[in-house]
Amino acid sequence: MKPYQRVATLHYYRNVSLRASMWAIQTSPNTKVSSTIKREVNAKVLSVFGEGILRQANNKTAIIKGLGKKLKELYQAFQKAPLLWEKFKEVLGIKSTNPAKLYFELSKKFQNLLDEGARWWDGLKKKIKKDSKIMHFMFLYASNAPTLTSIVESVLEKHGGKTGELGKWLSKTIGPVVGRAKSISQWIDTFLEKHPLLKLITMPAKAYLYWVIWINVTEISWKISDLIKGFLGMISWTDLLESLPESGIGFIVSLLFPGIPGGWLAKSLSIGWNAILVPAVGIQLYALYTKGLVNEQGQPI
């Protein structure tokens, strides 16, 4: 993007965000609000979050159309939880209380937080890429469960059945990976909690993840307290996953494992991918792949 285009885009973001912020504040219930929120969170300050949403939107119409609604949700969150607004400023190191100065300080520090989080995830995706094969086979299985179940069974039969050496090896292999998960959501939760790289997740990385989910998963509805805690990176994987619809979980998977074809992901979600067979049989397919017994499409070799 050329310099004049960047200036024009920034000007557009600021104007659209300011108008949406004014609407969000004007249409919010006229309830008792703390003097701090009334003084500090005016339309200009609220527009900082609108500008962040537009930068993340990548010209997605649904996100742009829903800008006012998102800002209204955020403004009401600060209205109802003024202490979390104070915590938000504390975490970002914001000292200004004058709205004019606060706008510039919030713009810089909030964007720095998101940029740092985005860099962390970009680095993680490169390191975690080797694990995406497991997810690949889980979604491959979910996209055509009957056929691939038959393939796994036929490969096992050729090698002594479930009680043969291959069958015993598969049981030992998938047991620790699947654990006690009763759904793919639980499995992903366990994976995220135990992965050695994700154990080191930073606060900006959590905040960035929450931010992009909130922007992109339009049907989501979070409690007021969870909304602000999410932006502060103070929410656990378990709480996050429990609060998400299936499309939100799918969004996390596609964010972490961009190599998974979107068509498989969509089809897997639409057929009810929460079945315990998905992680179990999907990982069996992956295990057979590592043994050279099936190819990347799950077909016997």
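Helices here are DSSP runs of H or I with at least four residues, and strands are runs of E with at least two, numbered from the N terminus. The expected span of a helix is 1.5 Å times one less than its number of residues. The model is a predicted one, where local features need pLDDT of at least 70 and side-chain atom pairs count only at pLDDT 80 or more, while totals for chains, interfaces and linings use all residues. Residues are numbered from 1 along each chain as its sequence is written, and side-chain values use heavy atoms, with hydrogens and water left out.

Take helix α12 to begin with. Its 14 residues, 203-216, reach 20 Å from the first C-alpha to the last, close to the 20 Å expected at 1.5 Å a residue. Burial is judged by relative accessible area (buried under 20%, exposed over 50%, partly exposed in between; 1.4 Å probe, protein chains only). In α12, 12 of the 14 residues are buried, so the helix is largely enclosed by the rest of the structure. Among them are Y208, Y210, W211 and W214.

Next come the salt bridges (a side-chain nitrogen of Lys or Arg within 4 Å of a carboxyl oxygen of Asp or Glu). The whole structure holds five. One joins E40 to R39 at 3.7 Å, N to O; E40 is buried at 1% relative accessibility, whereas R39 is partly exposed at 45%. Another pairs E86 with K89 at 3.4 Å. These two sit three residues apart in helix α6 (residues 82-92), so about one helical turn separates them. R39, E40, E86 and K89 are linked in a network of salt bridges.
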